[in-house]
Amino acid sequence: MLRVSLVLLLVGRAMAQVPFLGACPNVQTMPSFELERYLGKWYEAERYFALFEFGGKCVTANYSQSENGSVKIVNGQISSLTGIASTIEGIGRPIGRSDDPKLSVTFPSLPLQFDAPYWILDTDYERFAVVWSCTNFGVFSVRNAWILTRDPKPPIPVLEKAYQTIDRNNVSRAYLIRTDQKNCPAAG
């Protein structure tokens with residue numbers, strides 16, 4: 001029974017992100033991360049396919065500091081199929097020092113609890129952020145990447161800055177999908 005549960009967990013994780021043959025690549029996170037400057041609302045500009053975002057548009061992430069030092073995460077989206085808005089709350093915990101851009105994220109409302117890596121590869125805090133997640137499962141890994149922006153319709157130079165970070169880390173751009181941010185409710 002334990003093996004069946006483990007296999008279901010692995011398949012569920014693999015479906016939620018893009019599976020790759022081989023281990024997670026080495027990526028370089030940014031030095032001297034300032035969490036306070038990162039907090040606030042971000043719009044998803046592009047991402048790797050993720051089952052939990054299937055059909056989602058107007059995707060946002062809002063980060064705020066919790067009293068216990070963790071980060072409260074509220075991800076929101078609207079289903080392009082039904083028009084129904086949904087949110088999910090998560091908790092991000094720093095893995096190392098306070099200036100380390102590596103977090104471990106959990107979503108308590110999900111039926112299967114697991115810690116997902118959330119690494120900020122780069123951000124200027126005011127226009128863009130590139131986030132990476134990768135988990136090894138034996139001979140394969142599951143990966144996800146996000147380009148977040150402070151503007152729902154970022155100018156091309158902002159996206160180009162994010163692409164430079166992706167290219168510098170040898171993360172494939174081939175799997176990036178543009179997030180629909182058109183006809184979204186007014187930003188609040």
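Reader: Which residues of the largest nonpolar core touch the most other members?

Author: In soluble globular proteins, nonpolar side chains tend to be buried together. This is a predicted model, and its largest nonpolar core has 20 residues. Those that touch the most other members are Phe33, Tyr38, Tyr63, Tyr118, Ile120, Val131 and Leu148. At least two residues of this core come from each of α2 (35-38), β3 (56-65), β4 (71-79), β6 (102-106), β7, β8 and β9. A second, separate core has 19 residues, including Phe20, Ala145, Ile147 and Val158.

Reader: What does Val131 touch, not counting residues up to four places away in sequence?

Author: With that exclusion, Val131 touches Tyr38, Tyr118, Trp119, Ile120, Asn144, Ala145, Trp146 and Leu148. In the strand pairing, Val131 of β8 stands opposite Ile120.

Reader: In what sense do β7 and β8 pair, and over how many bridges?

Author: The two strands are antiparallel, with four bridges. They form a hairpin with four residues between them. In that turn, Tyr125 has a positive phi of about 70 degrees.

Reader: How many of the eight residues of β7 are buried?

Author: In a regular strand the side chains alternate between the two faces of the sheet. To judge burial here, take under 20% relative accessible area as buried. Seven of the eight residues of β7 are buried, so β7 is largely enclosed by the rest of the structure. β7 also pairs with β6, antiparallel and over four bridges. One of the pairs there joins Ser104 to Pro117 in β7.

Reader: Which strand do eight bridges join to β4?

Author: That strand is β5 (residues 85-94), and it runs antiparallel to β4. Lys72 has Ile91 in β5 as its bridge partner. β4 and β5 form a hairpin with five residues between them, and Gly83 in the turn has a positive phi of about 80 degrees. β5 in turn pairs with β6 in the antiparallel sense over four bridges.

Reader: Now a helix. Which residues of α3 are buried?

Author: Start with the extent. α3 covers residues 156-168, 13 residues in all, and reaches 18 Å from its first C-alpha to its last, close to the 18 Å expected at 1.5 Å a residue. Its buried residues are Val158, Leu159, Ala162, Tyr163, Thr165 and Ile166. They cover an arc of only 155 degrees around the axis, which puts them on the same side of α3. The face turned away from that buried side carries the exposed residues Ile156, Pro157 and Arg168.

Reader: What do the buried residues of α3 pack against?

Author: They pack against strands β2 (40-47), β7 (116-123), β8 (128-137), β9 (140-149) and β10 (177-178). After the helix comes Asn170, with a positive phi near 55 degrees.

Reader: Is Arg47 buried or exposed?

Author: A residue is judged by its accessibility, whatever its side chain. At 8% relative accessibility, Arg47 counts as buried. Arg47 lies in strand β2. Its side chain makes a polar contact with the side chain of Glu44, at 3.2 Å. Not counting residues up to four places away in sequence, Arg47 touches Glu53, Gly56, Ala145, Trp146, Tyr175, Leu176, Ile177 and Thr179.

Technical notes:
Residues numbered from 1 in each chain as written. Heavy atoms only, no water. Expected span 1.5 Å × (residues − 1). Buried < 20%, exposed > 50% of the residue type's maximum accessible area, 1.4 Å probe, protein only. Arc of directions from axis to C-beta. Contact = heavy atoms within 4.5 Å. Polar contact = N/O pair within 3.5 Å; in protein donor to acceptor, adjacent residues only side chain to side chain. Core = buried A, V, L, I, M, F, W, Y, C linked by side-chain atoms within 4.5 Å. Pairing = 2+ DSSP bridges.
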